[in-house]
Amino acid sequence: MKLRDYLKDNFFIIVLVFLTYFIIYSFMIGFKIIGEFRLCFTILYFLLFILLFLYDYFRKYFFYKEILSKLDLLDEKYLICELVSKPSFLDGEILYQMLYEINKSMNENIRDYRVKINDFKEYVELWIHEVKLPLSALILYTHNKKVDKTLVKEIQRIDNYLEQILYYIRSENTEVDYIIKKVDLNKVIRDVLLKNKDILLERGIDIVSDAQKLQVLTDYKWLEFMINQVISNSMKYMRDIQNKKIEIKAYKQENSIVLEILDNGMGIPECDIGRVFNKTFTGQNGRKVPGSTGMGLYIVSNLCKKLGHKLEIESEVGKYTKVRFIFDDNLFYSEVRNKE
């Protein structure tokens, strides 16, 4: 709060003070009060007025300054009442009480909102599990019977989309669902390729895998989902390409282990590469390939952050796309263990 604004706000009070002074001074002249007394009165009158004025200004100034400075530091602005002290002037107390009531109401709304969201998430998770039962039976049936390959592919797509929804819902609460332990990269890759073998064979995609005998500290099912999303993306963007190939390799690099997935698909334009981890971003390739949602890499990126892994991507249009998972040696696991 600037002094100029404060003076402007109290303009009528200032006018009234001066008017009162001139009325009293006029009476003193009328009653022939000596000049020394009038001078002393003038000095004391305006000195008292200035002191009271400055006292009122500075207590309001410091209160509002505290509010504004702490408000700038807060991400959740409605919590401001928890950080500022109660003021000693009436209009400040009224404002403080209003902020308190607003804060209380906001917290109640947030609590109700979270309860509704959690109930909805639980319902969606339950629904997905219920749908997956007949879907799994249908997948098993297609393996045991000779059916149209297109039907097999579409059923697999439905299963992948259901998994994507399930992991997206859970990605906000990975801390209650993950189990960090040593995971064999070869086994995870083998399970992912086995899951996608029908589509890989149908599209004639060659797989070259060289993960060595490396283990990383992560959650098995989350890593399996993330690799599956990257492989699915590779397969999706390999249409009308000769000699389709996906190369998977893992190697040690300083204090980390790198899992690299390389495909020779259509590649990602340079203008899109920095945004592929954004939610629902499909880019130029998404307009060429139907069924692109822009959610796969977003969920993978989110899970990597929650699990303490790094995710990198590079690409060149018409040549390749390379995705790297980087597992730092024991850092995340050690931090979690120290908190237990």
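Mentor: Happy to; what follows is a set of questions and answers on a predicted model.

Trainee: How do helix 6 and helix 8 lie relative to each other: parallel, antiparallel, perpendicular or oblique?
Mentor: Start from the geometry: the axes of helix 6 (residues 185-195) and helix 8 (residues 220-236) come within 9 Å and cross at roughly 50 degrees. Roughly parallel would need an angle under 35 degrees, and roughly perpendicular starts at 65. So the term for helix 6 against helix 8 is oblique.

Trainee: What is the handedness of the crossing where helix 5 passes helix 8?
Mentor: Helix 5 (residues 149-170) packs on helix 8 at about 130 degrees, with the axes 11 Å apart. That makes this pair oblique. Helix 6 passes helix 8 in a right-handed crossing, whereas the crossing of helix 5 with helix 8 is left-handed.

Trainee: How many polar residues are in the contact of helix 5 with helix 8?
Mentor: Helix 5 brings Asn160, Glu163, Gln164, Tyr167 and Arg170, which meet Lys221, Trp222, Phe225, Asn228, Gln229 and Ser232 of helix 8. Three residues of this contact are nonpolar and three are charged. The polar count is five.

Trainee: Is Gln229 buried or exposed?
Mentor: Gln229 sits in helix 8 and touches Gln164, Gly296 and Val300, leaving aside residues up to four places away in sequence. Its relative accessible area is 5%, and the cut-off to apply is under 20%. Therefore Gln229 is buried.

Trainee: Which strands are the edge strands of the open sheet?
Mentor: The sheet has five strands in the order 2-4-5-7-6, with mixed pairing. An edge strand here pairs on one side only. That picks out strand 2 (206-210) and strand 6 (310-316).

Trainee: Which residue in strand 5 stands opposite Lys249?
Mentor: Strand 4 (residues 245-253) and strand 5 (residues 256-263) are paired in the antiparallel sense over eight bridges. Within strand 5, the residue opposite Lys249 is Glu260.

How values were computed. Residues numbered from 1 in each chain as written. Predicted model: local features only at pLDDT ≥ 70, side-chain atom pairs only at ≥ 80, totals over all residues. Heavy atoms only, no water. Axes fitted to C-alpha atoms, helices over the stretch in contact; angles between N-to-C directions. Helix = DSSP H or I, 4+ residues; strand = E, 2+ residues; numbered from the N terminus. Parallel < 35°, antiparallel > 145°, perpendicular 65-115°, else oblique. Left-handed = near helix turned anticlockwise from the far one by under 90°. Buried < 20%, exposed > 50% of the residue type's maximum accessible area, 1.4 Å probe, protein only. Contact = heavy atoms within 4.5 Å. Pairing = 2+ DSSP bridges. Nonpolar A, V, L, I, M, F, W, Y, C, P; charged D, E, K, R; others polar.
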